[in-house]
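This report is meant for someone meeting the structure for the first time. Please look through the sequence and the structure below before reading on.

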Amino acid sequence: MSSLAPGFLVGITSAPQVMLWYYSSEQSVEENQLATQFPYFKDVLLDRIGHYVYALIDPRNDQIFYIGEGKGNRLYSHVAEKQISEDMRSAKLSTIHEIEQRGQEVQYLILRHGLTKKEARLIESVLIDLLRHRGQDYGAADLANFQSGHKSWSHGLMTADEIQRRYVSAELDTLPEDAMLININREYTRFDDSEGVLEAVKGNWVMAKWRTEENKYVLAEFQGFVIEVFEVTAWRHHPEIGRYGRYSFSGVPAPDDVRNRYLNRRVPKKRGQSNPIRYTL
């Protein structure tokens, strides 16, 4: 066991004949036979490190592929889980399997220790958000975490615009006759730039032809807020799609006086609204 710095530990030890407890997704599993196959933290160390946040490292590229939090021997449980649950096909277990097939072993880092559970869950959430956003820039491969971090959406990684929208934005109180509102929750990837928003919102959409003739502006809505406003330069009909065809548009960011009127406004909820397109509030 070696200490890198206060609050950081790296630990890989050989395991004698002891009982190993590991954590599955729902419960702890007792497996005596695993004690000779996997490293573990001794009880004297567990008493000192408390809850911690850890990373699993792929030795093939020295990149993080999983972030987790726990206590006890939680960080070593994934390799044991893979040994017992060969039928599981999660990205995490698949990565572990591929590492072992190369004759190598998962590397472990404890990023912070001596934490409360609440603190550990918060740090885990921040790191998952950060590494998913920055990816290879911060030495992380595609994370195998199936879910986002705890409270990721409500308290997780946000841009300055998203902070503004969530806490201080005024509600959208009018939608002019020459504009439509299109929800892109399913099409949009967070943190994309204006071109990414346009790609998500341009269609193909089910609508009447006369709607395209009247609508000059498109407001892109994501998670209840207007995140971009476009001026339509052309509509295109796609008769080959569906029973009546669909429409898509080409566009550019709207002029500032129009854009600033609607950008970052909170969109009022409409009961029973299922169509992603709204022409009125």
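Does Leu 75 count as buried or exposed? Leu 75 counts as buried, since its relative accessibility is 1%, and the sections below place this residue within a model that is predicted.

## The chain as a whole

The protein chain is built with 9 helices and 12 strands. Among contacts in the protein chain with a separation of 6 or more, 63% are accounted for by residues 24 or more positions apart.

## Around Tyr 52

Leu 75 is found in the loop between strand E6 and helix H2 (77–84), and although 23 residues along the chain lie between its position and that of Tyr 52, the C-alpha atoms of the two are separated by 9.2 Å.

When neighbours within four places in sequence are left aside, Gly 114 is in contact with Ile 49 and His 51.

Helix H7 covers residues 194–201, and its buried residues are Gly 196, Val 197, Leu 198, Ala 200 and Val 201. These buried residues pack against four strands, namely E8 (179–183), E9 (217–222), E10 (225–238) and E11 (246–253). Just after H7, Gly 203 takes a positive phi of about 110°.

The largest nonpolar core contains 20 residues, and those with the most contacts inside it are Ile 182, Ile 184 and Val 201. Two or more residues of this core come from each of the elements E8, H7, E9, E10 and E11, and H7 gives the largest share, 4 residues. Beyond its neighbours within four places in sequence, Val 201 is in contact with Ile 182, Ile 184, Val 218, Ala 220, Phe 230 and Phe 249. There is also a second, separate core of 14 residues, which includes Tyr 52, Tyr 54, Tyr 76 and Tyr 108.

## Two buried loop residues

Leu 172 is found in the loop between helix H6 (160–168) and E8, and at 2% relative accessibility this residue counts as buried. Not counting residues up to four places away in sequence, Leu 172 touches Leu 219, Val 226, Tyr 262, Arg 265, Arg 266, Pro 268 and Leu 281. Leu 172 and Val 267, which are 95 residues apart in sequence, are 5.5 Å apart in space from C-alpha to C-alpha.

Asn 264 lies in another loop, the one between helix H9 (256–262) and strand E12 (277–278). Asn 264 is buried, because its relative accessible area is 13%, and buried means under 20%. Apart from residues up to four places away in sequence, Asn 264 touches Asp 161, Arg 165, Ser 169, Phe 225 and Val 226.

## Positive phi outside glycine

Asp 62 is not a glycine, yet its phi is positive, at about 60°. The place of Asp 62 is in the loop between strand E5 (51–58) and strand E6 (63–70), where Asp 62 is exposed, with a relative accessible area of 54%.

Gln 223, likewise a residue other than glycine, has a positive phi near 50° and is found in the loop between E9 and E10. With 36% relative accessibility, Gln 223 counts as partly exposed.

## The second largest pocket

How many residues line the second largest pocket, and which are the closest to its centre? The pocket has a volume of about 300 Å³; it is lined by 16 residues, of which Asn 183, Glu 221, Gly 224, Lys 269 and Arg 278 are the closest to its centre. Sorted by class, the lining has 4 nonpolar, 7 polar and 5 charged residues.

Note on methods: Residues are numbered from 1 along each chain as its sequence is written. This is a predicted model: local features need pLDDT of at least 70, side-chain atom pairs count only at pLDDT 80 or more; totals for chains, interfaces and linings use all residues. Side-chain values use heavy atoms; hydrogens and water are left out. On a 1 Å grid over the protein atoms alone, a cavity is a set of points where a 1.4 Å probe fits but cannot get out, and a pocket is an open set with protein on both sides within 12 Å along at least five of seven lines; lining residues have an atom within 4 Å of a point. Grid points are joined across faces, edges and corners, and a volume is the space filled by probe spheres set on the points. Ala, Val, Leu, Ile, Met, Phe, Trp, Tyr, Cys and Pro count as nonpolar, Asp, Glu, Lys and Arg as charged, and the others, Gly among them, as polar. Buried means under 20% relative accessible area, exposed over 50%, partly exposed in between (1.4 Å probe, protein chains only). Contact means heavy atoms within 4.5 Å. A nonpolar core is a set of buried Ala, Val, Leu, Ile, Met, Phe, Trp, Tyr and Cys residues joined through side-chain atoms within 4.5 Å.
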